[in-house]
Amino acid sequence: MTEEAVMAGANAIKNKIKIELLERNMTQVELSDLIKENPQQLNRAIHGDMSPKSKAIREKIYKVLNIK
């Protein structure tokens, strides 16, 4: 997979999460409180960080926001 494809995927995920937050009138801080994660870690996860912690946070986000 090329670097451009990885970046495109990360941007698609970020956009989907942001749209879901907007539709729910929810901020990233409120989401971080809901899933009991640090707001800075949540932000890194949303923006495509590939660490195991960020992947786990994204799984929590997908579950809470019902993203498949």
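Helices here are DSSP runs (H or I, at least four residues), numbered from the N terminus. The model is a predicted one, in which local features need pLDDT of at least 70 and side-chain atom pairs count only at pLDDT 80 or more, while totals for chains, interfaces and linings use all residues. Residues are numbered from 1 along each chain as its sequence is written, and side-chain values use heavy atoms, with hydrogens and water left out.

The confidence of the prediction is given by pLDDT, which runs from 0 to 100 for each residue. The protein chain averages a pLDDT of 94, and 99% of the residues score at least 70. Among the elements of the chain, helix α1 (residues 3–23) has the lowest mean, 91, whereas helix α2 (residues 28–35) has the highest, 97.

Which residues of α4 are buried? They are Ser54, Ile57, Arg58, Ile61, Tyr62 and Leu65, where buried means under 20% relative accessible area, exposed means over 50%, and partly exposed lies in between (1.4 Å probe, protein chains only). These residues lie on the same side of α4 because they cover an arc of only 145° around the axis, the arc being that of the directions from the helix axis to the C-beta atoms. On the other side of α4, Pro52, Glu59 and Lys63 are exposed. The cover over the buried residues of α4 includes α1, α2 and α3 (39–46), and just after α4, asparagine 66 takes a positive phi of about 55°.

Helix α1 can be read in a similar way. Its 21 residues should span 30 Å at 1.5 Å a residue, and its end C-alpha atoms are 30 Å apart, which agrees. The buried residues of α1 are Ala10, Ile17, Glu20 and Leu21; seen down the axis of α1, they fall within an arc of 105°, so they line one face of the helix. The face turned away from this buried side carries the exposed residues Glu4, Leu22 and Glu23, and what covers the buried residues of α1 includes α2, α3 and α4. Glutamate 20 counts as buried because its relative accessibility is 10%, and, not counting residues up to four places away in sequence, glutamate 20 touches Leu65 and Ile67.

How the helices pack comes next. The axes of α3 and α4 come within 9 Å and cross at roughly 90°, the axes being lines fitted to C-alpha atoms, for helices over the stretch in contact, with angles from 0 to 180 degrees between N-to-C directions. The helices α3 and α4 are therefore roughly perpendicular to each other, a label for angles of 65 to 115 degrees, while angles under 35 count as roughly parallel, over 145 as roughly antiparallel, and the rest as oblique. The contact, meaning heavy atoms within 4.5 Å, is made by Gln41, Leu42, Arg44, Ala45 and Ile46 of α3 and Lys53, Ser54, Ile57, Arg58 and Ile61 of α4. Helices α2 and α3 pack at an angle of about 105°, with their axes 9 Å apart.

In the loop between α3 and α4 lies aspartate 49, which counts as partly exposed because its relative accessibility is 30%. Leaving aside neighbours within four places in sequence, aspartate 49 is in contact with Arg44, Ser54 and Arg58.

Notes. Helices (H or I, at least four residues) and strands (E, at least two) are DSSP runs, numbered from the N terminus. The expected span of a helix is 1.5 Å times one less than its number of residues.
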